[in-house]
Amino acid sequence: MNGTTAYLARELSAASPAKRVAMLIDRAIGSLGEAVQAIERGDIQGRWNANQRATNIIETLWRTLDLEKGGEIAANLEKLYSFMLNRLTQVDIKNDPAPAREVAVLLEPLRRSWHELVQREAQAAAAQRPNPSDNAGPDRRMTVSA
C-alpha cells in the first residue's frame with residue numbers, strides 16, 4: 001500500500017458514515033472525469049479502469065441502501081443507481097463519454113447533499129465539545145503543591 005492509499009484508508013476508516021458516502025461520491029465523480037479524459041486521449045485501458053472504479057463505487061452505494069429504513073428516498077436512490085449503472089455500461093461498449101458525463105451530473109446533487117450533511121454533523125459535534133476557556137475564568141485558581 002503506497003502512502004496515498006494508506007492515508008485514504010485511514011481517513012475513510014475514521015470518517016462518519018455520511019462522510020464515507022460523500023467521499024465515495026467524490027471519488028466516483030472524479031473517476032468519471034478520468035474516464036472522459038481517457039476517451040478524449042484514446043486511452044482505452046485508462047477509460048476502462050476509471051469507468052470500472054466509478055461503477056464499483058455506485059454498485060457499493062446501491063448495495064448498501066437500507067430500503068426498510070430509507071423508505072421512499074432509498075427506493076428512489078435504488079432506481080437512480082440502477083439507471084446510472086446501466087448508463088455506465090455504454091461508456092465501455094461505445095467508447096462514449098456522454099454517459100459518463102450524464103452520470104457525473106446526476107451524482108452532483110447527491111454529492112452536495114452529503115457534504116452539507118457532513119458539515120452539519122461537524123457543526124453539531126463542535127457545539128457539543130466543551131470550550132476550554134469556560135474553565136479558565138479569573139476566579140478559577142489552580143493550586144500546585146509539591
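**The second largest pocket**

Mentor: Start with the lining of the second largest pocket: Pro17, Arg20, Val21, Leu24, Thr60, Leu61, Thr64, Leu65, Asp66, Leu77, Tyr81 and Trp114. Keep in mind that this is a predicted model.

Trainee: Which elements give two or more residues to that lining?

Mentor: Helix 2 (17-41), helix 3 (44-63) and helix 4 (67-94) do. Helix 2 has the largest share, with four residues.

Trainee: How does the lining divide into nonpolar, polar and charged?

Mentor: Eight residues are nonpolar, two are polar and two are charged.

Trainee: And what volume does the second largest pocket have?

Mentor: About 220 Å³.

Trainee: Let's step back. How many helices and strands does the protein chain have?

Mentor: Five helices and zero strands. Read from the N terminus, the order is α-α-α-α-α.

Trainee: What percentage of the residues count as buried?

Mentor: Of 146 residues in the protein chain, 26% are buried. The accessible surface is about 9900 Å². Carbon and sulfur atoms account for 55% of that surface.

Trainee: On to the core. How many residues are in the largest nonpolar core?

Mentor: It has 22 residues. Leu32, Ile58 and Leu107 have the most contacts inside this core.

Trainee: Which elements give two or more residues to this core?

Mentor: Helix 2, helix 3, helix 4 and helix 5 (98-128). Helix 2 gives the most, seven residues.

Trainee: Pick Ile58. What does Ile58 touch, leaving out residues up to four places away in sequence?

Mentor: Tyr81, Met84, Leu85, Leu88, Val103 and Leu107.

Trainee: Now Thr55. Where is Thr55 found?

Mentor: Thr55 sits in helix 3.

Trainee: Why does Thr55 count as buried?

Mentor: Because its relative accessibility is 13%, and buried means under 20%.

Trainee: Which residues is Thr55 in contact with, neighbours within four places aside?

Mentor: Leu85 and Leu88. Both are on the list for Ile58 as well. Thr55 and Leu85 are 30 residues apart in sequence, yet their C-alpha atoms are 6.4 Å apart.

Trainee: What about a charged residue? Is Arg47 buried or exposed?

Mentor: Arg47 is buried, at 6% relative accessibility. Its place is in helix 3.

Trainee: What is Arg47 in contact with, leaving aside neighbours within four places?

Mentor: Ala35, Ala38, Ile39, Val91, Asp92 and Asn95. So there's a charged partner on that list, Asp92.

Trainee: Tell me about Asn95. Where does Asn95 lie?

Mentor: In the loop between helix 4 and helix 5. Asn95 is partly exposed, with a relative accessible area of 29%.

Trainee: What is the phi of Asn95?

Mentor: Near 50 degrees. That's a positive value in a residue other than glycine.

Trainee: Why does Phe83 count as partly exposed?

Mentor: Because its relative accessibility is 37%, and the partly exposed class lies between buried, under 20%, and exposed, over 50%.

Trainee: What does Phe83 contact, setting aside neighbours within four places?

Mentor: Glu102 and Leu106. Phe83 and Val103 are 20 residues apart in sequence and 8.9 Å apart in space, C-alpha to C-alpha. Val103 is one of the residues that Ile58 touches.

Trainee: Last one, His115. Which helix is His115 found in?

Mentor: Helix 5. His115 is partly exposed, at 25% relative accessibility.

Trainee: Which residues is His115 in contact with, apart from neighbours within four places?

Mentor: Ala22 and Asp26. Look at Ile25 too: His115 and Ile25 are 90 residues apart in sequence, with 9.8 Å between their C-alpha atoms.

Key
Residues numbered from 1 in each chain as written. Predicted model: local features only at pLDDT ≥ 70, side-chain atom pairs only at ≥ 80, totals over all residues. Heavy atoms only, no water. Buried < 20%, exposed > 50% of the residue type's maximum accessible area, 1.4 Å probe, protein only. Areas by Shrake-Rupley, 256 points an atom, 1.4 Å probe, with all protein chains shown as cover. 1 Å grid on protein atoms, 1.4 Å probe; cavity = no way out; pocket = protein on both sides within 12 Å on 5 of 7 lines; lining within 4 Å. Points joined across faces, edges and corners; volume = space filled by probe spheres on them. Core = buried A, V, L, I, M, F, W, Y, C linked by side-chain atoms within 4.5 Å. Contact = heavy atoms within 4.5 Å.
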